[in-house]
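I wrote down what I looked up, in the order in which I looked.

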Amino acid sequence: MSIRAHEFNKSQIKELQARKLKEVVSRVYQNSPFYRRRLNEAGIDLSSFRPDDIKKIPFTTKTDLRDNYPLGLISVDMSKIVRLHASSGTTGNPTVVAYTKKDIDAWAELSMRCLEICGATSEDVVQVSYGYGLFTGGLGLHYGAERLGAKVIPASTGNTKRQLKLMKDLGATVLACTPSYALFLAESAKEEGIDPRRDLRLRIGVLGAEPWSESTRKILEEEFLQSAHDIYGMSELNGPGVAIECRKKNGLHIWEDHYFVEIIDPNTGEVLEPGEKGEMVVTTLEKDGMPLLRYRTRDITILDDEICECGIAHAKIKKIIGRTDDMLKIRGISVFPSQIEEVIAGFEGLTPFYQLVVDRDGPLDRLLVKIEVSEDFKSDRLVEIVDLQKRLEEELRDVLSISVAVELTEPRTLPRSEGKAQRIIDLRKV
Ligand SMILES: [Zn+2]
């Protein structure tokens, strides 16, 4: 039996990456007018290309995809394209991603590896509660679960009561959805009188498409699932299945036979060392329809190239700290919602539901953090509320280095989400 790619050792991975980097750069030079122009402008000499020369290649950005809308970055003849996905653009053109049959096949393989790493097998019943459609979440996990030979419930998002009924009656053992929807499902199960330990068979959560914290994991693993794993992906890199947490849960293994990762300083573009925090930049090594060189993901993380205790040699990225788009600049200081989430988790009597409201008082930015208290918090004791608010404000000020106002709200008053949570209201932009 031939060795499977996720069982490669580190030196096999490095060798493979060196070869594939050269291949992909030559391939886009030959087939993509966009990249030929870019590589010529940067003075890249393909005949003597070495892996380290990657640093001389200019970054590809989301703006490049928008400017070349819809299909200016494809590297194959259009007749080979079998699928087109598009991500919603809040402004201007959406980002279109084109796939060949080979791409769809590779995507299924990577998504299957992710499920396997979490402990899923062909015996599992996988409820896919990510949206199906132009968004890649639903179909990506669907392929992976089918490739694994598991049974798939393509539930998509919404209709939460029916989701719970199917989960119970069909004995779902794996749930794939956003972490905020998993929290909402857990809360709704309680309301429906469903006891997860007694009535459900959920073992594994495959949760992604937005950053989430250890506190969310703790709540979900105590109340809903046995093991919650963070999965990472984006449509530009196929979709979900780019990286996943193994059973050690101290980072997400990124499939280095498909993706070459660099971490850069988002302001200067300088490449950082493993262990340093910055923006993840990815070169796709296998993508056929629309390969990308040094794509700026806008996700902030840390690369960990140490050997993982689980035995998998593929490098890890730390849980995504935030996306440069979600980064709030408040009085010149960078603030990520995940930092606030971690603070909230350290206090008793609070739920993981919160909202950040930013506005302006004259020239000064103001941040208000609204946090929902839990059902069992005795909200009739005014002294306790004031005390809790004060302690939260102090802790947030220490962590974020800016002053923050906290408002505690009654249970079930903040909006819930069936997809990605909308946690930021920035009134400065209105
Ligand atoms: Zn591991």
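The model is predicted, so local features need pLDDT of at least 70 and side-chain atom pairs count only at pLDDT 80 or more, while totals for chains, interfaces and linings use all residues. Residues are numbered from 1 along each chain as its sequence is written, and side-chain values use heavy atoms, with hydrogens and water left out.

Entry 1, zinc site. I looked up Cys246 and found 1% relative accessibility, so Cys246 counts as buried. His253 also counts as buried because its relative accessibility is 1%. Which atoms coordinate the zinc ion? They are Cys246 (SG), His253 (NE2), Cys308 (SG) and Cys310 (SG), at 2.1 to 2.3 Å. Donors here are N, O and S atoms within 2.8 Å of the metal (3.2 Å for Na, K and Ca); water is not among the atoms, so sites may look incomplete. Along the chain, the donors have the spacing C-x6-H-x54-C-x1-C. The angles among the 4 donor atoms are 101 to 114°, and the site is tetrahedral. Four donors get that label if all angles lie between 85 and 135 degrees.

I placed Ile254 in strand β9 (residues 252-254); strands are DSSP runs of E with at least two residues, helices are runs of H or I with at least four, and both are numbered from the N terminus. Ile254 has a relative accessible area of 0%, so Ile254 is buried. Contact means heavy atoms within 4.5 Å. Not counting residues up to four places away in sequence, Ile254 touches Val242, Ala243, Tyr259, Val261, Met280, His314 and Ala315. I also noted that Ile254 and Ala313 are 59 residues apart in sequence and 9.8 Å apart in space, C-alpha to C-alpha.

I found His142 in helix α5 (residues 137-148). Is His142 buried or exposed? His142 counts as buried, because its relative accessibility is 14%. The side chains of His142 and Tyr132 are joined by a polar contact of 2.8 Å. Such a contact is a pair of N or O atoms within 3.5 Å; within protein, one must be able to donate a hydrogen and the other to accept it, and residues adjacent in sequence count only if both atoms are side-chain atoms. Leaving aside neighbours within four places in sequence, His142 is in contact with Val128, Tyr132, Val152 and Pro154.

Notes
Buried means under 20% relative accessible area, exposed over 50%, partly exposed in between (1.4 Å probe, protein chains only). Four donors count as tetrahedral if all angles lie between 85 and 135 degrees; four count as square planar and six as octahedral if opposite donors are over 155 degrees apart and all others between 65 and 115; anything else is irregular.
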